[in-house]
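Welcome! Let us take a guided look at how two protein chains sit together.

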There are 2 protein chains.
Amino acid sequence: MNKESRAGKVYLVGAGPGDPGLLTLKAAECIREADVLVYDALANWEFLRMAPAHCELIYAGKRSKNHAIPQGDVNQLLVDKAHQGKSIVRLKGGDPYLFGRGGEEAEKLRAEGVPFEVVHGVSSIYAAPGYAGIPITHRDFCSGFTVITGHEDPTKPESSLDYAHLAQTRETLVILMGVERIGIISRELIRHGMSPDMPVAMTRWGTTGKQKTIVGNLTNIADLVTQHQFEAPAVTVIGKVVSLRESLNWFENQPLFGQRIVVTRTREQASQLSQKLSRLGASILEIPTIRTVEPTQKGYLKDAFSQLGSYEWIVFTSPNGVDWFFHWFFKIHKDIRSLGGAKLAAVGPATAQKLKDLHLDVDAMPHKYVAPEIVRSMQDIQSLENVMVLLMRAESPARTSRKN
Amino acid sequence: MNKESRAGKVYLVGAGPGDPGLLTLKAAECIREADVLVYDALANWEFLRMAPAHCELIYAGKRSKNHAIPQGDVNQLLVDKAHQGKSIVRLKGGDPYLFGRGGEEAEKLRAEGVPFEVVHGVSSIYAAPGYAGIPITHRDFCSGFTVITGHEDPTKPESSLDYAHLAQTRETLVILMGVERIGIISRELIRHGMSPDMPVAMTRWGTTGKQKTIVGNLTNIADLVTQHQFEAPAVTVIGKVVSLRESLNWFENQPLFGQRIVVTRTREQASQLSQKLSRLGASILEIPTIRTVEPTQKGYLKDAFSQLGSYEWIVFTSPNGVDWFFHWFFKIHKDIRSLGGAKLAAVGPATAQKLKDLHLDVDAMPHKYVAPEIVRSMQDIQSLENVMVLLMRAESPARTSRKN
């Protein structure tokens with residue numbers, strides 16, 4: 001999909017339930033090519049960092065009582081930006097067409113002649129229970145499920161929830177946004193004939209490292225909410241499938257589950273580490289305490305690059321050093337062969353790999369080659385080495401962890 | 001996630017509804033690193049091609065009346081392969097925990113002590129209607145939705161569908177796998193009080209280029225199924241939200257929707273083109289009619305590579321030519337600088353880009369440089385050129401299209 005075909009188009013994109021791995025390939029592509037990203041309160045902010053540097057980020061999120069931008073204004077914003085020829089991503093938690101008001105936004109866009117596409121996402125309706133060990137369908141327990149929102153349109157005069165009907169269901173019942181009203185909901189369901197012993201599970205921050213689940217039944221769930229100071233938003237499952245949690249709770253049993261880990265690496269280097277830790281169940285906060293900066297005295301650098309042919313060795317002391325070296329190198333030279341015949345040394349395997357990615361052969365690794373010849377050749381390229389030693393020091397990641 | 005941590009583990013992975021762009025990042029990663037892939041009848045076979053070459057592919061799919069492998073055998077297969085230390089992907093259409101029997105497989109794995117993870121997927125429950133222009137929730141029409149399967153457990157003595165209950169719902173009703181029974185379902189819903197005018201939409205092959213939708217109401221939908229020879233499997237939506245289809249039908253209005261396009265490029269080159277076409281709504285069938293083969297007389301090739309320094313020009317006549325040249329080059333040389341000082345010519349921008357990806361500068365493009373000097377230099381490297389001219393001819397993609 002080339003960039004031009006995205007101009008003036010709005011993508012209604014589902015960000016999934018929170019786990020960044022549950023983003024779809026198409027959503028990732030849309031975000032990476034967005035000029036404007038209009039986003040709600042998301043379970044994970046990592047998605048925003050996927051947007052290109054020029055992308056305008058606009059928060060349109062809302063929490064229960066606090067509307068950030070009225071829906072009408074959001075609609076108008078999408079239309080205006082589209083008319084400016086921008087490629088717009090309207091990013092919503094979960095799926096845009098499941099309680100996401102995506103349908104309303106799509107109608108407005110259609111009415112104004114703005115082309116749009118829907119990029120469906122994994123919904124927390126089933127993914128949050130799934131990560132809590134509860135498949136919402138199971139042949140032994142049900143033939144389907146019903147999903148309702150406990151947070152209703154405040155402009156509607158009376159409750160549209162038909163408790164008499166819901167209480168008679170044979171299927172799993174999933175309630176979204178109903179934390180504050182779980183007392184009323186459970187009382188009404190019992191009053192209309194649902195068993196007071198019916199199992200209930202509530203999961204908040206589902207699929208993320210902060211996931212919390214409480215399990216009870218219709219009789220005691222409201223007390224458990226108070227007792228655990230359990231807050232919205234959450235996904236509530238009412239039904240016999242809740243009993244499966246005991247054996248199928250894979251996610252919360254992961255080695256790093258419940259750990260909050262701060263990753264202090266540079267922005268560029270953090271994501272791979274963050275991803276690995278989050279796959280082990282950790283909750284990641286990226287706070288880069290390091291930034292790689294350009295050398296202040298660029299004269300040395302320029303001289304060094306124009307005289308590369310005169311060096312016998314070039315010693316790379318960190319992966320960052322390789323990145324910066326070639327960042328500058330390719331500003332001056334178009335062809336990698338302009339590097340000349342210098343031999344290359346790398347401080348360790350990660351640095352060597354960076355060179356190998358450029359199809360350059362590493363002649364020496366310092367832990368083996370500490371002979372005076374290499375030290376001398378390092379002195380020859382002192383102007384560069386100032387940069388690289390600095391980066392190498394700064395690179396060592398500080399990491400703290402504590403129980404969530 | 002390193003390979004070791006996947007050994008002996010089963011990933012219950014949702015492949016999404018069919019559109020390959022709706023696969024999740026995590027699902028793609030799991031498939032790319034799988035040793036064994038056990039898959040059902042999927043809406044899209046493209047996913048299988050993402051598996052590594054050594055991966056064992058096992059079909060465990062079933063259609064309504066034709067069970068390929070009994071569920072018990074599938075469970076045992078997963079356990080056995082895990083005990084062999086393999087990394088196993090159990091790939092299911094949609095989401096593994098929504099009518100996918102993922103819960104049953106997870107229970108078996110847990111009972112046998114096999115570690116597993118669930119990788120949730122986008123479900124056709126909402127994505128297929130979404131691609132047909134129907135958001136299954138919308139504040140103007142409902143507070144939620146109910147999903148049931150019309151294809152029930154054949155071992156159960158009587159229908160577990162409670163029509164009296166379903167007919168009273170205020171919410172959107174989604175029925176899976178109910179094509180053969182739509183006559184009974186709609187009659188029963190009317191008999192229990194649902195309006196005979198209630199809109200109904202049925203979508204098959206949802207989110208793919210073969211998507212087909214029929215729209216009617218409870219009274220006439222069974223006739224429409226017969227009339228259009230509409231076959232299972234399909235997602236059926238019953239509710240007022242169906243009326244939104246008229247304005248929100250973005251997918252079926254795409255420029256290439258309904259076109260079936262055969263892509264005959266080499267396997268390696270096809271996927272990017274296929275992806276672009278499928279994003280425009282086309283249904284893609286990849287049938288590679290070309291295969292790039294190694295030159296039969298390798299002596300010439302070896303001689304040429306060992307004497308690269310003696311050439312003034314190297315002329316690349318296709319992107320495939322660049323790939324093959326460097327495939328062989330890096331078998332002999334470790335460092336790209338061993339290419340020496342030869343100038344490089346590329347037949348066109350795609351070939352030049354391949355060289356630029358290797359950070360090599362292109363000195364000439366043949367459509368500008370047809371001077372006798374270049375022709376002479378091409379004759380110098382005739383042994384290579386035999387390969388590259390062949391590839392260039394074979395590369396031109398044949399493409400046929402017809403209305404689906």
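The report below goes from the whole pair to single residues.

## Before we start

This is a predicted model, in which local features need pLDDT of at least 70 and side-chain atom pairs count only at pLDDT 80 or more, while totals for chains, interfaces and linings use all residues. Residues are numbered from 1 along each chain as its sequence is written, chains are lettered from A and ligands numbered from 1 in the order in which they are written, and side-chain values use heavy atoms, with hydrogens and water left out.

## Two copies and an axis

The same surface serves both copies, as 100% of the contact residues of chain A recur in chain B.

## The shared surface

Chain A gives 81 residues to the contact and chain B gives 81 residues (contact means heavy atoms within 4.5 Å). About 7200 Å² is buried between the chains, and carbon and sulfur atoms give 57% of that area (buried area is the accessible area, with a 1.4 Å probe, that two parts lose on being put together, summed over both). On the side of chain A, the residues that lose the most area to chain B are Arg139(A), Trp250(A) and Arg337(A), together 11% of what that side buries.

## Bridges across the interface

There are six salt bridges between chain A and chain B (a side-chain nitrogen of Lys or Arg within 4 Å of a carboxyl oxygen of Asp or Glu). In a salt bridge between Lys26(A) and Asp19(B), the N to O distance is 3.7 Å.

Strands meet here too: E8(A) and strand E8 (residues 144–149) of chain B run antiparallel and are joined by five bridges (strands are DSSP runs of E, at least two residues, and helices runs of H or I, at least four, numbered from the N terminus; two strands pair if DSSP finds at least two bridges between them). Opposite Ile148(A) stands Gly144(B) in E8(B).

## Backbone details

Which bond joins Ala232(A) and Pro233(A)? A cis peptide bond does, with omega about -5°. Pro233(A) belongs to the loop between helix H7 (221–227) and strand E12 (234–238) of chain A. In chain B, the peptide bond from Ala232(B) to Pro233(B) is cis, with omega near -5°.

Arg101(A), a residue other than glycine, has a positive phi near 60°, and Arg101(A) is in the loop between strand E6 (88–92) and H3 of chain A.
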